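This report covers strand pairing, helix packing, a salt bridge and backbone exceptions. The sequence and coordinates come first.

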Amino acid sequence: VYMSGTILPGGFVGPVGDLKYKLEAAAKNGCKVFLVPKGQLTTTATKKIGNVTAIEIVNLKDLARTYRIDIHEVETIEEALYYYTGYKLQIPNASLNLTSYETLFKKMNDKMISDVEELKSLTYSYANKNERAEELINEAMNLTNKSYYYSSTCRLFLSKVYLRWELYNHTIKDQKSFDGEYENIKFDIDAMKLHLKNEKIGINSFQILAAAQERVFMAEDSLKKAKELYPKNVSEALYNLAYAKERLETAITWYSLKKYMKDYATLDKKALESRIRFYLSHADSMIVYATYLYGNEVLIKSADNDHDMARKMYDGGFLPGAFAAAVDSLLSASMSIEVYYADINKSVENYEKMAKVAIKNAEKTTTPVLAAAYYEFAKIQKDNIWKLHYYELSMKIAKLLSSVTKLEEVKACLLYTSDAAD
């Protein structure tokens, strides 16, 4: 059995060139079965006509018949393996109950609802209603009513950015007022970074720290953009300033959940560093590969930015955040290829199943709250690209938690007690 094709993220088999010549070479070496990427039974080849090089259309099925070779299209690695082994690999099914995480997610959501009401009151004392903020708040309330508490919190975060932006447009009128707010946010970011860096990394708190650290660095990046833009582009500068302020608040909100999580063991720092280096290297290679295959430029740029942030956090000792950003980088680079060469619907279906299996496995040794949050967020996405992104992210976080814990050593659980809340 011979095969030609590129191996894409998610296990899909992508297109290649020169299939006519590869089939001919395989025939000379005793090939009985030849596998090609789906959609490439018809291909092209160059043909000399006198001094002119022409392009000819080649039907590989007809060509294979002349060599007495069976030729088949394959879409995934699993399909290809069947021709090599005779076995069909299937992703196992797993049932997942997110209600066990609702108590934590609801705490985040309740706080965010309260914060939004407070900010609305302040903003609308200066300005008219912001339509986009109101739309997001309505979406969030609908999600809350359906018990999608984490997804509602994400919508409320964006509503706060628009409310804050509206507020800044009416209260920041000169360089002095801009500099004052900038310095206040920078002080809070630096204080939060110092606090997060000194935290011990436990089995459960790893997830909380990963979410908080990544969001703090996102806030810092947005704050830097605001400084660069003001006063050249006031509106965009104030939006970035608002984003930095509210993104920092989400970091604080995530960190506030740490008191409800009980750590029975600390993570092996060397093992975590090794895993981060692996993802950084893999992401770097995937970005190069995606660029070579002319992947989606927006996603490649996002992958580059996440890679830079991951490296910055790793070098600074913010390991949980570095892991999260490195995985984000890898996924964006992977998706930049998949959106063009893979069946997105099938990818979403496969990764949803794999995420559920990974979370169920992680639950044996820990409480994969961050993986569960991203799984919930994936469910409500309308765009399959983002569904794919968050299912993959959920799966990779859950798998990491499983890989760094041992069932016989750790029995992790959530503590919802009055003492923990004090």
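The text below goes through the sheet, the hairpin, the helix contacts and some single residues.

The model is predicted, with local features requiring pLDDT of at least 70 and side-chain atom pairs counting only at pLDDT 80 or more, while totals for chains, interfaces and linings use all residues. Residues are numbered from 1 along each chain as its sequence is written, and side-chain values use heavy atoms, with hydrogens and water left out.

**Strands**

Helices (H or I, at least four residues) and strands (E, at least two) are DSSP runs, numbered from the N terminus. Two strands pair if DSSP finds at least two bridges between them. An open sheet of 3 strands shows parallel pairing in the order 1-4-7. Its edges are strand 1 (2-3) and strand 7, each of which pairs on one side only. Strand 1 runs parallel to strand 4 (residues 33-37), and 2 bridges join them. Opposite Met-3 stands Leu-35 of strand 4.

Two helices are placed against this sheet. For the angles, axes are lines fitted to C-alpha atoms, for helices over the stretch in contact, and angles run from 0 to 180 degrees between N-to-C directions. Contact means heavy atoms within 4.5 Å. Helix 1 (residues 19-28) packs on the sheet and touches strand 1 and strand 4, its direction making about 165 degrees with that of strand 4. Helix 3 lies across strand 1, strand 4 and strand 7, and runs at about 150 degrees to strand 7.

Strand 5 (residues 42-49) and strand 6 (residues 52-59) are antiparallel and joined by 8 bridges. They form a hairpin with 2 residues between the strands, and Gly-50 in the turn has a positive phi of about 70 degrees. Thr-44 has Ile-57 as its bridge partner in strand 6, and Lys-47 stands opposite Ala-54 of that strand.

**Helix contacts**

| Pair | Axes | Angle |
|---|---|---|
| Helix 7 (residues 175-197) and helix 8 (residues 205-229) | within 10 Å | roughly 155 degrees |
| Helix 4 (residues 102-123) and helix 6 (residues 149-171) | within 9 Å | roughly 20 degrees |
| Helix 6 and helix 14 (residues 369-379) | 8 Å apart | about 75 degrees |

Angles under 35 degrees count as roughly parallel, over 145 as roughly antiparallel, 65 to 115 as roughly perpendicular and the rest as oblique. A crossing is left-handed if the near helix is turned anticlockwise from the far one by less than a right angle, and right-handed if clockwise. In the residue counts, Ala, Val, Leu, Ile, Met, Phe, Trp, Tyr, Cys and Pro are nonpolar, Asp, Glu, Lys and Arg are charged, and the others, Gly among them, are polar.

The axes of helix 7 and helix 8 cross at roughly 155 degrees, which makes the two helices roughly antiparallel. Their crossing is left-handed. Among the residues that meet are Phe-178, Tyr-182 and Ile-189 in helix 7, and Leu-209, Val-216 and Phe-217 in helix 8. The contact residues divide into 13 nonpolar, 1 polar and 6 charged.

Helix 4 and helix 6 cross at roughly 20 degrees, so helix 4 is roughly parallel to helix 6. Here too the crossing is left-handed. The residues of this contact comprise 13 nonpolar, 5 polar and 7 charged.

Helix 6 and helix 14 are roughly perpendicular to each other. Tyr-149, Tyr-150, Ser-151, Cys-154 and Arg-155 in helix 6 meet Ala-373, Tyr-374, Glu-376 and Phe-377 in helix 14. By class, these contact residues are 6 nonpolar, 1 polar and 2 charged.

**Salt bridges and backbone exceptions**

A salt bridge is a side-chain nitrogen of Lys or Arg within 4 Å of a carboxyl oxygen of Asp or Glu. The structure holds 22 of them. One joins the side chains of Glu-79 and Lys-346 at 3.5 Å, N to O. Glu-79 lies in helix 3 (residues 77-85) and Lys-346 in helix 13 (residues 344-362), so this pair ties together parts 267 residues apart in sequence.

The peptide bond from Tyr-230 to Pro-231 is cis, with omega near 5 degrees. Pro-231 is in the loop between helix 8 and helix 9 (234-256). Arg-68 is not a glycine, yet has a positive phi of about 60 degrees. Its place is the loop between helix 2 (60-66) and strand 7 (70-74).
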